[in-house]
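I opened the notebook to record, entry by entry, what I looked up in this structure. The entries follow the order in which I went through it.

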Amino acid sequence: MKYAIIGTGANGLLPAYLLKKAGHDVQVVAQNKEQAALLNDQGIIHEGNRQQIKAYTNVEQIDPEAIIILTVNYDELPPILRLLKIRCASNRIIFLQQGMLFLEKARTLSHRHIAAAILETDCVKLSDAEISFSKATQVTFGLVKGNAEEFQPILETAAWKGSWVDNLEEQLYETLLFNSLIDPLTAVTKTRNGELITNPHAYELFRNLYNELYLAFPEIEWLQPIEKVAAVCAAEPNRASAMLADRLAGDPMEIDGLMLYVLNRSNLDLPLFKAFYHLLKTVEVEK
């Protein structure tokens with residue numbers, strides 16, 4: 001099976017590495033010529049193991065039979081989607097992104113078969129060609145439009161433990177609520193998940209943020225109880241959130257895709273959450 005990964009953050013390099021290791025033909029569309037050259041020369045490295053992939057800088061090189069996996073941030077989507085409409089009109093597409101803001105754009109594409117996925121991993125990007133992870137990767141897929149059978153190959157691959165859900169939006173929403181509590185806090189303070197519980201000042205912020213989101217989204221109380229979120233953080237204290245991992249790697253963080261959706265959907269003002277949003281956008285501008 002052929003796959004093309006667009007985006008070379010941790011969430012792009014990891015699927016590329018695992019799919020290649022499982023014996024698939026993998027292409028990667030990198031951010032720049034330097035990274036593409038590095039990946040073509042060194043491959044993707046994990047604990048000294050290398051998987052050689054083909055890296056390019058434009059979508060025109062994508063095989064027309066490949067399943068495209070989009071892992072770029074929300075604000076990078078518009079120009080890429082315009083190119084995909086022209087150059088890759090017949091390809092199947094999977095959106096692998098944080099948040100839910102991308103769904104609106106996904107539904108407007110003319111492509112016949114589109115899915116979305118939620119990636120469960122502890123992967124971090126160490127360099128433009130090296131990643132590190134210790135947990136087995138799990139991926140949850142769901143249909144945006146088209147025929148679910150078109151995505152059966154990626155569901156059954158040995159690259160990861162895959163599952164299919166019919167209630168994709170519900171799964172995305174639950175994940176969004178969890179990430180809205182963890183990612184902004186850890187990315188701003190540069191702390192690991194466990195410190196949100198063990199550091200009294202970080203925990204105070206965590207608790208206040210939960211209470212603020214509860215007023216706007218009362219369903220968080222049963223979808224993501226604060227005790228459950230705290231237990232997850234305590235169980236993996238050294239884990240870096242996706243947003244923190246991107247910040248530490250010097251990659252663009254998925255701020256709008258996650259946080260702007262929450263701000264736009266809320267009927268209440270969210271002063272603490274909004275403050276974190278602007279702090280993170282300030283960090284991005286400084287880069």
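This is a predicted model: local features need pLDDT of at least 70, side-chain atom pairs count only at pLDDT 80 or more; totals for chains, interfaces and linings use all residues.

Which residue caps the N-terminal end of H2, and through which atoms? The cap is Asn32, from which a side-chain oxygen lies 3.2 Å from the backbone nitrogen of Glu34. At the other end I looked at what comes after the helix, and found that H2 is followed by Gly43, whose phi is positive, near 75°.

**Entry on H2**

I then asked which residues of H2 are buried, and listed Gln35, Ala36 and Leu39. Because these residues cover an arc of only 100° around the axis, they sit on the same side of H2. For the spacing I kept a general rule in mind: an α-helix has 3.6 residues a turn, so residues three or four places apart point the same way. On the other side of H2, I found Lys33, Glu34 and Asp41 exposed. What do the buried residues of H2 pack against? I recorded H1 (residues 10-21), S2, S3, S5 and S9 (residues 124-127) as their partners. As for placement, H2 (residues 33-42) lies across S2 (residues 25-29) and S5, and it runs at about 170° to S5.

**Entry on the sheet**

Next I traced the sheet, which is open, has eight strands in the order S5-S2-S1-S6-S7-S8-S11-S12, and shows mixed pairing. Its edge strands are S5 (residues 54-56) and S12 (residues 161-164), each of which pairs on one side only. From one strand to the next, the twist averages 25°. As background to the pairing entries below, strands of a sheet pair through backbone hydrogen bonds, either parallel or antiparallel.

**Entry on S1**

I looked up how far S1 is covered, and noted that four of its five residues are buried. S1 and S2 pair in the parallel sense over five bridges, and within that pairing Lys2 stands opposite Asp25 in S2. The chain crosses from S1 through H1 to S2, and I recorded this β-α-β crossover as right-handed. S1 (residues 2-6) also runs parallel to S6, to which four bridges join it. In this second pairing Ala4 stands opposite Ile68 in S6, while the bridge partner of Ile6 in S6 is Leu70.

**Entry on S6 and S7**

Are the two faces of S6 buried or exposed? I found both covered in S6 (residues 67-70), with Ile67 and Ile69 buried on one side and Ile68 and Leu70 buried on the other. S6 pairs with S7 (residues 93-96) in the parallel sense, over three bridges. Opposite Ile68, I noted Ile93 in S7, and for Ile69 the bridge partner in S7 is Ile94. Between S6 and S7 the chain passes through H3 (residues 77-87), and this β-α-β crossover is right-handed.

**Entry on H3**

Having followed the chain through H3, I checked which of its residues are buried, and wrote down Leu77, Ile80, Leu81 and Leu84. Seen down the axis of H3, these buried residues fall within an arc of 100°, and therefore they line one face of the helix. On the other side of H3, Arg82, Ile86 and Arg87 are exposed. The buried residues of H3 pack against S1, S6, S7 and H4 (residues 102-108).

At H6 (residues 168-189), I noted that the helix lies across S8 (residues 114-120) and S11 (residues 138-145), running at about 35° to S8. In the loop between H6 and H7 (residues 195-198) I came to Lys190, whose phi is near 55°, a positive value in a residue other than glycine.

Where is Glu47 found? I placed Glu47 in the loop between S3 (residues 44-46) and S4 (residues 49-51). The phi of Glu47 is also positive, near 50°, in a residue other than glycine.

Definitions and conventions. Residues are numbered from 1 along each chain as its sequence is written. Side-chain values use heavy atoms; hydrogens and water are left out. Buried means under 20% relative accessible area, exposed over 50%, partly exposed in between (1.4 Å probe, protein chains only). Two strands pair if DSSP finds at least two bridges between them. A crossover is right-handed if, with the strands pointing away from the viewer, the path from the first strand over the helix to the second runs clockwise. Axes are lines fitted to C-alpha atoms, for helices over the stretch in contact, and angles run from 0 to 180 degrees between N-to-C directions. Contact means heavy atoms within 4.5 Å. The arc is that of the directions from the helix axis to the C-beta atoms. A polar contact is a pair of N or O atoms within 3.5 Å; within protein, one must be able to donate a hydrogen and the other to accept it, and residues adjacent in sequence count only if both atoms are side-chain atoms.
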